[in-house]
Amino acid sequence: MKSFQHVITDAEGIHARPAGDFVKAAKGFASSVKITKGGKTVDAKKIFGLMGLGVKQGEEVTIDVEGEDEEAAAAALETFLKENL
């Protein structure tokens, strides 16, 4: 399993447009992708779960990626977060 943390820098936190783009990116991989904030973990391939976390600017999330393409998935998703959130 690959895991990394990211602090959200977007002034609006994780909002609809980047959340949808993140879900789309996560769905491009076979691996399971989970995102955790404050002890609550959701499937990052489901937009309602991701939006339900209510992540605000300055909050840290943990992304866990597990599966056959976890290396590529973790790298791509970490890059996505750095560039968009």
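Me: Contact means heavy atoms within 4.5 Å; which residues is Ile8 in contact with, once its neighbours within four places in sequence are left aside?
Reply: In this predicted model, Ile8 is in contact with Gly13, Ile14, Val55, Lys56, Gln57, Gly58, Glu59, Val61 and Leu85. Ile8 belongs to the loop between β1 and α1, and its C-alpha is 7.9 Å from that of Leu81, although 73 residues separate Ile8 and Leu81 in sequence.

Me: Why is Ile8 called buried?
Reply: The relative accessible area of Ile8 is 1%, and buried means under 20%, so Ile8 counts as buried.

Me: Why does Lys56 count as exposed?
Reply: Exposed requires a relative accessible area over 50%, and Lys56, at 51%, therefore counts as exposed. This lysine is placed in the loop between α2 (47-52) and β4.

Me: Why does His15 count as buried?
Reply: The cut-off for buried is under 20%, and His15 has 19% relative accessibility, so His15 counts as buried. His15 lies in the loop between β1 (2-7) and α1, where, with neighbours within four places in sequence set aside, its contacts are Asp10 and Met51.

Me: What makes Thr36 buried, and where is Thr36 found?
Reply: Thr36 is found in strand β2, and its relative accessible area of 18% falls under the 20% limit, so the residue is classed as buried. Apart from its neighbours within four places in sequence, Thr36 is in contact with Thr41, Glu60, Val61, Thr62 and Asp64. Thr36 and Ile63 are 27 residues apart in sequence, while their C-alpha atoms are separated by 6.5 Å in space.

Me: Why is α1 called roughly antiparallel to α3?
Reply: The axes of helix α1 (residues 16-27) and helix α3 (residues 70-84) come within 10 Å and cross at roughly 165 degrees. Angles over 145 degrees count as roughly antiparallel, so α1 is roughly antiparallel to α3. The crossing itself is right-handed.

Me: Which residues make the contact of α1 with α3, and how do they divide by type?
Reply: Helix α1 contributes Pro18, Asp21, Phe22, Ala25 and Ala26, and helix α3 contributes Leu77, Phe80 and Leu81. Of the residues in this contact, seven are nonpolar, none is polar and one is charged. Asp counts as charged, so Asp21 is the charged residue of the contact.

Me: How many residues are in the largest nonpolar core, and which have the most contacts inside it?
Reply: The largest nonpolar core has 24 residues, and those with the most contacts inside it are Ile14, Phe22, Ile35, Leu50 and Ile63. At least two residues of this core come from each of α1, β2 (32-37), β4 (60-66) and α3, with α3 giving the most, namely five residues.

Me: Which residues is Leu50 in contact with, leaving aside its neighbours within four places in sequence?
Reply: Leu50 is in contact with Ile14, Ala19, Phe22, Val23, Ile35 and Val42. Among them, Ile14, Phe22 and Ile35 are listed, with Leu50 itself, as having the most contacts inside the largest nonpolar core.

Notes:
Residues numbered from 1 in each chain as written. Predicted model: local features only at pLDDT ≥ 70, side-chain atom pairs only at ≥ 80, totals over all residues. Heavy atoms only, no water. Axes fitted to C-alpha atoms, helices over the stretch in contact; angles between N-to-C directions. Helix = DSSP H or I, 4+ residues; strand = E, 2+ residues; numbered from the N terminus. Parallel < 35°, antiparallel > 145°, perpendicular 65-115°, else oblique. Left-handed = near helix turned anticlockwise from the far one by under 90°. Contact = heavy atoms within 4.5 Å. Core = buried A, V, L, I, M, F, W, Y, C linked by side-chain atoms within 4.5 Å. Buried < 20%, exposed > 50% of the residue type's maximum accessible area, 1.4 Å probe, protein only.
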